[in-house]
Amino acid sequence: MNNTTVGIIGGTRGMGHWFAGLLSKEGCAVHVSGRKTTLQAKEIAKTCDVVVVAVPISATAEVIKLVGPLLTKDKLFMDLTSLKKEPVELMLASSPAEVIGCHPLFGPTLKEISGQNVILCPARGTKWLSWLKKVFKKNKLVILESTPEKHDQMMAIIQVLTHLHTISLGTALAATGIPLAEINKFSTPIFQAKLDIIKKVFTESPELYANIIIRNPDTGKMLNIYEKALTDISQIIKFGGETKFKEVLDITAKKLF
Ligand SMILES: NC(=O)c1ccc[n+]([C@@H]2O[C@H](COP(=O)([O-])OP(=O)(O)OC[C@H]3O[C@@H](n4cnc5c(N)ncnc54)[C@H](OP(=O)(O)O)[C@@H]3O)[C@@H](O)[C@H]2O)c1
């Protein structure tokens, strides 16, 4: 891996910065760009063996279209975007390079990545796929290969549904009108754990969560499932009584576990 030059567009912060650290540790020569760096995305595309797009979701399509035509067949064009269908289609359409969609299923601040999942969507070529898998395996990541479509469908459950729940819980908490300082005096460990997640979603990178929800093709489906679940639960609590409520919890537990 020592001779591989990697350029990460969006490598000054966040996931791109994390990936830059990982590849530097593996002996690659890593170059990064952001909007204000002297080294710009086009230069990276012209000079590096591996070109990685790790910019915010809203800027990904534009960056791929800008740099894709500058890559050659022997290079790897990859991304770290949380959604896979659109970026992979655009990387294939805009360049002749090998293409791999990649989504690490954790954030850039996680200290220990060993055992975490990473999804790969190999779309063109095999040479660089074995290189990338070797890097991830060496760092004990669990690799799953998927199509971009299946990845996005599963992210509708893993990310969209989960973040919808967090956002609705935060919205409902705010709607109580009771200050958090007062609520916290009565806190339990479960409440505290949920509040930590709510704080992360609402304050750390709201743009990322908003894009993950709004841009997933299956979000409408998840909203319907979530709304129906809430309506069903509400009906049972209001009209079904204790026995019926317990029965419904048992049926769902059997379905899930
Ligand atoms: N954060 C996560 O937990 C996570 C997890 C998995 C995957 N991802 C994916 O990783 C990608 C980046 O997300 P992030 O959370 O790491 O974002 P981030 O922390 O905001 O970092 C974005 C990077 O892109 C650069 N950038 C922003 N706009 C740009 C533009 N128009 N052109 C070129 N560079 C630009 C930024 O540098 P400047 O601001 O200096 O320009 C920075 O280096 C997204 O596709 C996201 O879906 C994120």
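This is a predicted model: local features need pLDDT of at least 70, side-chain atom pairs count only at pLDDT 80 or more; totals for chains, interfaces and linings use all residues.
The chain holds 10 helices and 7 strands. Its C-alpha trace spans about 65 × 35 × 35 Å along the principal axes. Of the 257 residues, 39% are buried. The exposed surface comes to about 14800 Å², and carbon and sulfur atoms supply 62% of this area. The chain carries 32 positive and 23 negative charges, whose mean positions are 3 Å apart. Contacts can also be sorted by separation in sequence: among those between residues at least 6 apart, 65% join residues at least 24 apart.

Strand β2, residues 29–33, pairs with β1 in the parallel sense over 5 bridges. Between the two strands, the chain passes through helix α1 (residues 14–25), and this β-α-β crossover is right-handed. Strand β3, residues 50–53, also pairs with β1 in the parallel sense, here over 4 bridges. Individual residues show how these pairings line up: isoleucine 8 stands opposite valine 52 in β3, while isoleucine 9 stands opposite serine 33 in β2.

Serine 33 deserves a moment of its own. This residue of strand β2 has a relative accessible area of 2%; buried means under 20%, so serine 33 is buried. Leaving aside neighbours within four places in sequence, the residues in contact with serine 33 include Ile8, Ile9, Gly10, Gly11 and Thr12. Leu39, Gln40, Ala41 and Ile44 are also among the contacts of serine 33.

Glycine 68 is another buried residue, with a relative accessible area of 0%, but its setting is a loop, between α3 (57–67) and β4 (76–79). Which residues touch glycine 68, once neighbours within four places in sequence are left aside? They are Phe77, Ser94, Ser95 and Pro96.

Lysine 85 lies in helix α4, which runs over residues 85–94. Its relative accessible area is 31%, so lysine 85 counts as partly exposed, the class between under 20% and over 50%. Not counting residues up to four places away in sequence, lysine 85 touches Pro148, Glu149 and Asp152. Threonine 147 is 62 residues from lysine 85 in sequence, and their C-alpha atoms are 8.3 Å apart in space.

Lysine 140, in turn, sits in the loop between α5 (127–138) and β7 (142–145). Is this residue buried or exposed? Exposed means over 50% relative accessible area, so lysine 140, at 56%, counts as exposed. Its backbone is worth a look too. Most residues other than glycine have a negative phi. Lysine 140 is not a glycine, and yet its phi is positive, at about 60°.

Terms used:
Residues are numbered from 1 along each chain as its sequence is written. Side-chain values use heavy atoms; hydrogens and water are left out. Buried means under 20% relative accessible area, exposed over 50%, partly exposed in between (1.4 Å probe, protein chains only). Contact means heavy atoms within 4.5 Å. Accessible areas come from the Shrake-Rupley method with a 1.4 Å probe; for residues, only the protein chains shown count as cover. Lys and Arg count as positive and Asp and Glu as negative; His and the chain ends are not counted. The place of a charge is taken as NZ of Lys, CZ of Arg, CG of Asp or CD of Glu. Two strands pair if DSSP finds at least two bridges between them. A crossover is right-handed if, with the strands pointing away from the viewer, the path from the first strand over the helix to the second runs clockwise.
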